[in-house]
Amino acid sequence: MHTHRKAAAAIGALALGTTLIALAGPAQADAPGATPVASSTPKVLPTPEGDGAKGVCKRLPKAEQRVKKALDRLNGPVTEAGSIARLEQRVNNAKAAGHTAVYNDLNDRLTYRKSLVPTLTQRQSDLNAVAGWCSSQGLGTPNAQ
């Protein structure tokens, strides 16, 4: 039994030593004058041969659907989860209840959500232009919105 204790103590000391070395490794690399060592080589990607137009045209219908769905949700009524109107109502409720921290959080979310509308509207316009281009190139048909 005495031998087992010595073996267990030796394994514990080895594990502790390995942990200390592992923890000291990064600290030594950050020391002034130390030369950083790259842990792995960066992945090299092949040079693109085109602009990916076929893939863009192929994914276009789903992209248009996602943008339309997001705009419909944002512009939805108070009863629709995720709508600006619903969040405005929650902001007003928090203000009326005197919940300042909740009001501030919801108001920041409302500001962000309102900023999404012009961005998504522009994206919808851009996607419509891409749909026309894809159609003229024979790479797809534009979806009616």
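In this predicted model, helix H3 goes past helix H4 in a left-handed crossing. H3 covers residues 84-97 and H4 covers residues 100-136, and the two pack at an angle of about 160° with their axes 9 Å apart. Since angles over 145 degrees count as roughly antiparallel, that puts H3 roughly antiparallel to H4.

As for who touches whom, the H3 side of the contact consists of Ile84, Leu87, Glu88, Arg90, Val91, Ala94 and Lys95. These meet a set of H4 residues, namely Val102, Tyr103, Leu106, Asn107, Arg109, Leu110, Arg113, Lys114 and Val117. Sorted by class, the contact of H3 with H4 comes out at 9 nonpolar, 1 polar and 6 charged residues.

H4 also takes part in a covalent link. Searching the whole structure turns up 1 disulfide, and it joins Cys57 to Cys134 with an S to S distance of 1.9 Å. Cys57 sits in helix H2 (residues 53-74) and Cys134 in helix H4, so the bridge ties together parts that are 77 residues apart in sequence. The link of Cys57 and Cys134 is left-handed, with -85° about the S-S bond.

Both ends of this bridge can be checked for exposure. Cys57 has a relative accessible area of 7%, and because anything under 20% counts as buried, Cys57 is buried. Cys134, at a relative accessible area of 1%, is buried too.

Conventions. Residues numbered from 1 in each chain as written. Predicted model: local features only at pLDDT ≥ 70, side-chain atom pairs only at ≥ 80, totals over all residues. Heavy atoms only, no water. Axes fitted to C-alpha atoms, helices over the stretch in contact; angles between N-to-C directions. Helix = DSSP H or I, 4+ residues; strand = E, 2+ residues; numbered from the N terminus. Parallel < 35°, antiparallel > 145°, perpendicular 65-115°, else oblique. Left-handed = near helix turned anticlockwise from the far one by under 90°. Contact = heavy atoms within 4.5 Å. Nonpolar A, V, L, I, M, F, W, Y, C, P; charged D, E, K, R; others polar. Disulfide = S-S within 2.5 Å. Buried < 20%, exposed > 50% of the residue type's maximum accessible area, 1.4 Å probe, protein only.
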